[in-house]
Amino acid sequence: QLQLVESGGGSVQSGGSLTLSCTASGFTLDYYAIGWFRQAPGKEREGVSCLVISDGTTYSAASVKGRFTISRDSAGATVYLQMRNLKPEDTAVYFCAVDNPFNCRPQTVVPGIPPEWDFWGQGTQVTVSS
């Protein structure tokens, strides 16, 4: 069964850190791009960061640059989103998704452009209190 499972969400205070994990099962990530997206209450889903597995290309939203880092583990089945210096405005449900590598591009992380990725995880809640 093909699955993406996110974990690592939780509640932290402003300035804190969390690391989200996205683990793929039933398929290999090698030929795909993987993205992290988030959706806050009453807002559209937006791209946070994405990674092209084959060549390591990454893109991150301006709002998280310097604070969030996307990476893949050496075994290859898990992608992480390390989040530092969290702010209340980072509060959202965070989703990972996979699609063809072309879909990881600068437009992916521009606010207001709805993501049209093929395969999604169930999401994990991140809450940052001030």
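Modeller: Thr124 counts as buried, because its relative accessibility is 12% and the limit for buried is under 20%. The model is a predicted one.

Biologist: Where in the secondary structure does Thr124 lie?

Modeller: Thr124 belongs to strand S11, which covers residues 124-129.

Biologist: What makes the approach of the Thr124 side chain to the backbone nitrogen of Gly9 a polar contact?

Modeller: The distance between that nitrogen and a polar atom of the Thr124 side chain is 3.2 Å, and the cut-off is 3.5 Å. Gly9 is also among the residues in contact with Thr124 beyond four places in sequence, together with Glu6, Ser7, Gly8, Leu20, Ala92, Val93 and Tyr94.

Biologist: Why is Arg38 called buried?

Modeller: Its relative accessible area is 7%, so Arg38 is buried by the rule of under 20%. Arg38 sits in strand S4, residues 33-39.

Biologist: What is the volume of the largest pocket, and which residues lie nearest its centre?

Modeller: The volume is about 200 Å³. Of the 14 lining residues, Arg38, Ala40, Lys43, Glu46 and Glu89 lie nearest the centre.

Biologist: How is that lining divided by class?

Modeller: There are 9 charged, 3 polar and 2 nonpolar residues in the lining of the largest pocket.

Biologist: How do you know that the radius of gyration agrees with a compact globule?

Modeller: For 130 residues, a compact globule would come near 14 Å; the protein has 13 Å, and therefore the two agree. Along the principal axes, the C-alpha atoms fill a box of roughly 40 × 25 × 25 Å.

Biologist: How many helices and strands does the protein have?

Modeller: The count is 0 helices and 11 strands.

Biologist: What share of the protein counts as buried, and what share of its contacts joins residues 24 or more positions apart?

Modeller: Buried residues make up 41% of the 130. Among contacts with a separation of 6 or more, 62% are between residues 24 or more positions apart.

How values were computed
Residues numbered from 1 in each chain as written. Predicted model: local features only at pLDDT ≥ 70, side-chain atom pairs only at ≥ 80, totals over all residues. Heavy atoms only, no water. Helix = DSSP H or I, 4+ residues; strand = E, 2+ residues; numbered from the N terminus. Buried < 20%, exposed > 50% of the residue type's maximum accessible area, 1.4 Å probe, protein only. Polar contact = N/O pair within 3.5 Å; in protein donor to acceptor, adjacent residues only side chain to side chain. Contact = heavy atoms within 4.5 Å. 1 Å grid on protein atoms, 1.4 Å probe; cavity = no way out; pocket = protein on both sides within 12 Å on 5 of 7 lines; lining within 4 Å. Points joined across faces, edges and corners; volume = space filled by probe spheres on them. Nonpolar A, V, L, I, M, F, W, Y, C, P; charged D, E, K, R; others polar. Rg over C-alpha atoms; globule rule 2.2 N^0.38 Å.
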